[in-house]
Amino acid sequence: MTQQTPSTPATAPAPPLTLAEKASLTSGAGDFVTQAVASAGLPAVTMSDGPHGLRLPKESGDGGQLDLHSTAPATCFPPAVALGSSWDPDLVRRVAGVIAAEAAAHGVHVVLGPGINIKRSPLCGRNFEYFSEDPWLTAQMGGAMVRGLQEAGVGAALKHYAANNQETDRMRISADVDERPLREIYLRAFERIVRRDRPWSVMAAYNGVNGVPMSENTRLLTDILRSQWGFDGVVMSDWGAVRDRVAALRAGLDLQMPGTGGRGDREVVAAVSAGDLDETVLDTAVERLVRFARRATQAVHTGGDTRAGEHHRLAGEAADRCVVLLKNDTGLLPLDPASGTVAVIGELARTPRYQGAGSSQVTPTRLDTPLDGLLRLAEGARVDFAPGYPLAGVTGGDTEQDLAEEAVRLAATSDTVVLFLGLAAQDESEGFDRDHIDLPAGQVRLLERILAVNPRVCVVLSNGGVVRTAPWHTEVPALIEGWLLGQAGGGALARVLFGAVNPSGKLAETIPLRLEDAPSHLSFPGEEGRVRYGEGVFVGYRGYDARGCEVAFPFGHGLSYTSFAYSRLRVEPREDGEAFTVTVTVTNTGHRPGREVVQFYTAGPAGSEVARPPRELRAFTSVFLAPGESREAAVELARADLAHYSEREGGWRVEGGAYRVEAGASSRDIRLSAEVTVTGDPSRLRLSGRNTLAEWLRHPVGGPLLRDRFARAKGQRAESSAMDDPVLRRFLAGMPLDVISEFPQSPVSPEGVAELAALAAAEPPRGTAG
């Protein structure tokens with residue numbers, strides 16, 4: 001693939017266009033292509049679904065957007081559910097670069113991805129397309145995808161903005177979420193990626209937020225995305241998301257997709273002509289669309305060689321890193337490829353699920369199966385197979401009972417059983433949410449029967465969303481979370497099982513003991529067109545940890561065939577006080593080389609003004625160590641990352657005080673901790689009589705002023721003030737100061753409250769140390 005510098009820069013001004021031509025640019029010309037204006041030299045932009053590989057589109061008249069098949073093969077990489085478990089942004093960046101190379105070879109300018117929505121509930125049918133339940137991890141992985149695509153000259157479309165966390169009623173539902181969780185959980189990854197990685201486009205979601213459809217949400221599309229974060233790209237709609245084209249344009253949505261046969265264009269022309277839409281609003285969108293088209297098409301790509309073999313090998317390398325070893329109690333794994341008999345049971349070993357269903361489906365260039373991989377790697381070991389259970393879409397004359405009987409007989413005569421269990425495509429997909437997180441009942445019954453005849457069982461899971469492993473996971477000695485691993489995933493599972501690869505994947509989401517334990521359980525998926533995000537910031541591990549809820553496997557968990565020890569945690573403030581260097585020494589205490597993902601969490605400060613989770617992920621890094629080797633793992637922790645969003649103060653605020661910094665192997669496996677004192681941000685709160693006594697006393701300026709007024713009032717009279725009684729002061733803490741001022745013995749008068757408020761506003765705010 002070669003690139004040539006365009007003769008017309010992407011920053012050139014928009015050419016003169018008629019009103020009709022300008023309006024035409026704001027709607028697609030087809031299902032996956034924008035409108036060109038040949039007379040003005042404006043090219044069309046071709047887009048494709050492709051968060052884990054290209055789904056090359058069919059245009060209208062030949063299946064169109066409702067045809068979920070691709071017109072040509074492309075490399076199917078592990079979907080985001082698996083890539084998230086790699087905790088490896090560099091790997092994601094490399095994967096994105098290959099997706100971009102294949103896109104360019106097929107004439108695709110923009111890839112519709114990555115999806116960075118937070119996994120609020122394990123029931124979301126589209127969780128396989130999303131990285132994590134944590135916004136920091138999501139930002140790191142999603143940002144790497146954006147960089148990898150755009151460094152190779154292909155645009156990214158960051159999606160689905162915002163609070164798109166379910167498929168139930170997805171085109172109408174309003175996500176009703178308070179400002180703090182909206183900012184800290186659901187917008188945080190979008191904000192980080194927009195500010196740092198500069199995606200060319202952002203896709204507005206189907207849903208509404210707090211009653212306003214995203215395609216018409218001025219606050220989110222313009223006030224926050226553009227004005228606050230500085231986004232300068234194009235905002236496009238999700239396919240079919242626009243309800244009112246003129247209102248959407250006015251709110252900041254530049255491009256409606258797909259095309260509407262000119263209907264939307266006529267609506268825009270009519271609104272401008274009637275004076276209902278200021279033409280400058282249209283001109284602003286057109287300017288962005290012209291810049292987008294020139295940027296996307298400025299590189300001339302030649303050659304169609306996509307190097308399928310090389311790309312398949314990268315897909316295999318990625319899958320290797322995504323496998324999560326959940327349990328290996330008796331050292332059952334790795335299996336010995338040179339001896340013994342291995343019963344491979346489960347149709348999913350022969351007919352694997354390797355990607356999710358819906359708009360992201362890829363036609364792979366080839367497909368490796370776990371069974372073939374195990375047979376290929378077995379040296380002296382004997383590998384036998386039994387399907388064990390039927391799988392939808394796989395024909396066969398045997399009944400479920402016959403398949404189970406055959407599998408149990410094979411298990412009884414084998415040294416070890418590798419049992420593949422998981423979900424079928426119809427169990428999870430874009431377009432609908434799951435009703436439960438259980439494995440098929442027939443598969444669980446088969447597991448129980450096999451354990452009765454052979455306790456040496458390793459279960460390998462294949463699923464796009466988490467499945468319940470309780471209570472049976474306590475009975476199996478080894479358990480692997482295989483997720484959906486893309487077209488080369490079968491070989492990766494075989495390499496992990498036989499020890500050719502030492503697993504290093506870590507869970508990017510919690511596996512609960514039961515669905516009812518999920519923090520969102522009582523408010524998902526909502527009713528009558530609204531879903532209340534009642535758990536607030538306590539999403540995923542934040543909620544499980546805050547409630548002290550036992551889980552099957554915690555966020556960040558993942559074992560290795562070796563072991564790692566942590567020592568010498570140090571937290572050193574930078575000279576300017578705006579960051580801390582955090583280091584910990586990691587030692588490989590086992591007998592195999594291995595990679596450890598070191599996770600850094602923070603907690604605190606004590607006595608915070610807001611409810612905080614027990615810990616929050618703030619950074620991570622990985623080290624690869626030979627047996628006996630030690631190495632220092634280091635990250636930089638920004639002071640600003642300790643901030644919470646204060647709705648009362650209208651922005652991010654770092655509270656002063658002592659914070660705990662933790663280094664661990666998961667959110668429940670904290671190895672070391674240290675304390676660091678942080679200076680707080682100046683308060684932006686403008687005090688008035690409507691602020692409570694507690695708010696006044698806590699304020700860095702108003703607190704000393706009010707205490708001084710209390711002291712002066714006490715010195716002016718002999719009798720004891722009601723404010724001297726600590727019980728009464730606690731009783732009054734939540735009462736507005738102007739109400740307290742009306743009490744007969746109040747140390748501050750109504751006039752005094754106004755005077756204090758003016759003094760507090762006049763004195764410069766200062767930071768707090770706790």
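These notes go through selected local features of the structure, which is a predicted model.

1. **The parallel sheet.** Five strands form an open sheet in the order β1-β2-β3-β5-β8, with parallel pairing. β1 (47-49) and β8 (234-237) stand at its edges. Each of these two has a single partner strand, so one side of each is left without a neighbour in the sheet. Neighbouring strands are turned by 30° against each other on average, direction ignored.

2. β5 and β8 pair in the parallel sense over four bridges. Val202 has Val235 in β8 as its bridge partner. Helix α4 packs on the sheet and touches β2 (110-112) and β3. The direction of α4 makes about 150° with that of β3.

3. **Helix α6, a covered element.** How many of the 10 residues of α6 (residues 188-197) are buried? Eight are, so the helix is largely enclosed by the rest of the structure. The buried set is Arg188, Ala189, Phe190, Glu191, Arg192, Ile193, Val194 and Asp197. Please look at the charged members of this set, among them Arg188, Glu191, Arg192 and Asp197.

4. **What surrounds α6.** The buried residues of α6 pack against helices α4 (135-151), α5 (179-186) and α7 (218-228). They also pack against strands β3 (155-161), β5 (201-204) and β24 (651-653). Of these strands, β3 and β5 belong to the parallel sheet of point 1. Just after α6, Arg198 takes a positive phi of about 50°.

5. Most residues other than glycine have a negative phi, and most peptide bonds are trans. Two cis bonds deserve a look here. The bond from Lys159 to His160 is cis, with omega near -10°. His160 lies in strand β3. A cis bond also joins Tyr161 and Ala162, with omega about 10°. Ala162 sits in the loop between β3 and β4 (174-176).

6. **Ala163, in the β3-β4 loop.** Ala163 is placed in the loop between β3 and β4. Its phi is near 55°, a positive value in a residue other than glycine. Is Ala163 buried or exposed? With 3% relative accessibility, Ala163 counts as buried, the cut-off being under 20%.

7. **Asn210, in a loop between strands.** Asn210 also has a positive phi, near 50°, and is not a glycine. Its place is the loop between β6 (208-209) and β7 (212-213). Asn210 counts as partly exposed, at 37% relative accessibility.

8. **Packing of α3 and α11.** Helix α3 (residues 89-105) packs with helix α11 (residues 308-322) at an angle of about 155°. Their axes lie 11 Å apart. The two helices are therefore roughly antiparallel to each other, since the angle is over 145 degrees. The crossing of α3 past α11 is left-handed.

9. **Residues at the α3-α11 contact.** Which residues meet here? From α3 come Leu91, Arg94, Val95, Val98 and Glu102. From α11 come His311, Leu314, Glu317, Ala318 and Arg321. The contact divides into five nonpolar residues, one polar and four charged. An α-helix has 3.6 residues a turn, so residues three or four places apart point the same way. The contact residues of α3 include Leu91, Arg94 and Val98, and those of α11 include His311, Leu314 and Ala318.

10. **Strand β10 and its two partners.** β10 (341-345) is mostly covered, with four of its five residues buried. On one pairing, β10 and β11 (residues 382-386) run in the parallel sense over five bridges. Thr341 stands opposite Arg382 in β11. β10 also pairs in the parallel sense with β12 (residues 416-422), over four bridges. There, Ile345 stands opposite Leu419.

11. Gly331 lies in the loop between β9 (324-328) and β10. Gly331 is partly exposed, with a relative accessible area of 47%. Where Gly331 and Ala478 are concerned, how far apart are they in sequence and in space? They are 147 residues apart in sequence and 8.0 Å apart in space, C-alpha to C-alpha.

Terms used
Residues numbered from 1 in each chain as written. Predicted model: local features only at pLDDT ≥ 70, side-chain atom pairs only at ≥ 80, totals over all residues. Heavy atoms only, no water. Axes fitted to C-alpha atoms, helices over the stretch in contact; angles between N-to-C directions. Parallel < 35°, antiparallel > 145°, perpendicular 65-115°, else oblique. Left-handed = near helix turned anticlockwise from the far one by under 90°. Contact = heavy atoms within 4.5 Å. Buried < 20%, exposed > 50% of the residue type's maximum accessible area, 1.4 Å probe, protein only. Pairing = 2+ DSSP bridges.
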